[in-house]
Amino acid sequence: MIPHSHKFPLRTDFLRFRSSAKRVVSSVFTTHILSTSSPARLGVIIPKKVNKLATTRNYLKRLVYDTLWPQIKDQKMDVVVVFKPMSLKKTTSTKQLLLTDLHV
């Protein structure tokens, strides 16, 4: 997991951030990227429509944090990953799909 100080404050800054960030769309999620002068921050949004179980949503969130954070931690950018409202389960095929979309 990443340090709490490097998590993007979604509730306060997301609307302003979303209007000026560059978007990269994939089959499962949309990634918002904005270059800043401060250290890197990362946020992940997973709606309940993806899966009703919090354990599955937390698994997906940890998977994104664990794969993206090593790639951006030394850069000066804010990254927010917003999952599309599609049904995903906690399986190896879902993990492979996410890893290919994250370009790992």
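The second largest pocket of this predicted model is lined by His4, Lys7, Phe8, Pro9, Leu10, Leu42, Gly43, Val44, Lys61 and Tyr65. A pocket here is an open set of points on a 1 Å grid over the protein atoms alone, where a 1.4 Å probe fits, with protein on both sides within 12 Å along at least five of seven lines, and a lining residue has an atom within 4 Å of a point. Strand S3 (41-45) and helix H2 each give two or more residues to this lining, and S3 gives the most, with three residues. Helices (H or I, at least four residues) and strands (E, at least two) are DSSP runs, numbered from the N terminus. The lining divides into six nonpolar, two polar and two charged residues, where Ala, Val, Leu, Ile, Met, Phe, Trp, Tyr, Cys and Pro count as nonpolar, Asp, Glu, Lys and Arg as charged, and the others, Gly among them, as polar. The space in this pocket is about 160 Å³, a volume being the space filled by probe spheres set on the grid points, which are joined across faces, edges and corners.

Residues are numbered from 1 along each chain as its sequence is written, and side-chain values use heavy atoms, with hydrogens and water left out. Because the model is predicted, local features need pLDDT of at least 70 and side-chain atom pairs count only at pLDDT 80 or more, while totals for chains, interfaces and linings use all residues.

The largest pocket has a volume of about 270 Å³. Of the 15 residues that line this pocket, Thr31, Ile33, Leu68, Leu102 and His103 are the closest to its centre. Two or more lining residues come from each of strand S1 (22-25), strand S2 (29-35), helix H2 (54-72) and strand S4 (77-83). By type, the lining holds nine nonpolar residues, five polar and one charged.

The strands named so far belong together, for four strands form an open sheet of mixed pairing in the order S1-S2-S4-S3, where two strands pair if DSSP finds at least two bridges between them. S1 and S3 stand at the edges with a single partner strand each, so one side of each is left without a neighbour in the sheet. From one strand to the next, the twist averages 15 degrees. Within the sheet, S2 and S4 pair in the antiparallel sense over seven bridges; Leu34 stands opposite Asp78 in S4, and Ser35 stands opposite Met77 in S4. S3 and S4, by contrast, run parallel and are joined by five bridges, with Gly43 opposite Val80 in S4. H2 packs on the sheet, touching S3 and S4, and its direction makes about 155 degrees with that of S3; such angles run from 0 to 180 degrees between N-to-C directions, along axes that are lines fitted to C-alpha atoms, for helices over the stretch in contact. S4 is mostly covered, since six of its seven residues are buried, that is, under 20% relative accessible area, with exposed over 50% and partly exposed in between (1.4 Å probe, protein chains only).

His32 lies in strand S2 and counts as buried because its relative accessibility is 5%. Leaving aside neighbours within four places in sequence, His32 is in contact (heavy atoms within 4.5 Å) with residues including Phe14, Phe17, Arg18, Asp78 and Val80. Arg18 itself lies in helix H1 (residues 10-20) and, at 41% relative accessibility, counts as partly exposed. The C-alpha atoms of Arg18 and Leu34, 16 residues apart along the chain, are separated by 8.9 Å.
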